[in-house]
Amino acid sequence: MDKFSCVRAGKLRHRIDIEKLVSTGIVGDMGTPERNWVAVAQRVPAELKHVGGTETEQAQQTTGFQGLVCVIRYRMGVDSGMRVVNCSNREIMDIVAVKDLTGLRRELTLEVKAASPAEVR
């Protein structure tokens with residue numbers, strides 16, 4: 001595949017939702033505004049690829065991190081404050097980085113990590 005070709009449709013066999021955290025305008029009991037995740041794009045064709053993982057030790061506990069990359073067709077407005085939901089198993093992943101590797105606005109590479117249980121709501 002040369003640098004001018006776009007994402008091949010056959011590789012985009014997964015479907016993901018892209019969600020953004022927005023304020024509802026409602027103030028909660030503690031005086032802080034409530035926020036909810038809202039779908040920005042639904043059932044986006046994507047290629048999910050596992051990349052190398054890492055293992056870190058904090059507070060005498062070892063934590064594993066398995067990297068995952070989502071490749072989608074280029075879409076404006078996607079940023080690292082959003083999250084991805086895998087449509088097949090409803091797994092929620094935070095977007096860590098958004099990259100246009102070729103600079104041609106043909107595809108985006110989203111580096112994601114599993115969301116912590118506190119962030120899932």
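How many helices and how many strands does the protein chain have? In this predicted model, the chain has 0 helices and 6 strands.

The mean pLDDT of the protein chain is 83, and 77% of its residues reach 70 or more. Confidence is lowest in strand E3, residues 61-73, where the mean is 75. It is highest in strand E4, residues 82-86, with a mean of 96.

Now for the chain as a whole. It has 121 residues, and 31% of them count as buried. Its accessible surface comes to about 8,300 Å², and carbon and sulfur atoms hold 48% of that area. What share of the contacts with a separation of 6 or more comes from residues 24 or more positions apart? The share is 51%.

You can find Arg75 in the loop between E3 and E4, the two strands with the lowest and highest confidence. Is Arg75 buried, exposed or partly exposed? Arg75 counts as partly exposed because its relative accessible area is 35%, which lies between the limits of 20% and 50%. Beyond its neighbours within four places in sequence, Arg75 is in contact with Ile18, Ala41, Val44 and Leu108. Arg106 is another residue to look for: Arg75 and Arg106 are 31 residues apart in sequence, while their C-alpha atoms are 8.5 Å apart in space.

Methods: Residues numbered from 1 in each chain as written. Predicted model: local features only at pLDDT ≥ 70, side-chain atom pairs only at ≥ 80, totals over all residues. Heavy atoms only, no water. Helix = DSSP H or I, 4+ residues; strand = E, 2+ residues; numbered from the N terminus. Buried < 20%, exposed > 50% of the residue type's maximum accessible area, 1.4 Å probe, protein only. Contact = heavy atoms within 4.5 Å. Areas by Shrake-Rupley, 256 points an atom, 1.4 Å probe, with all protein chains shown as cover. pLDDT = per-residue confidence, 0-100.
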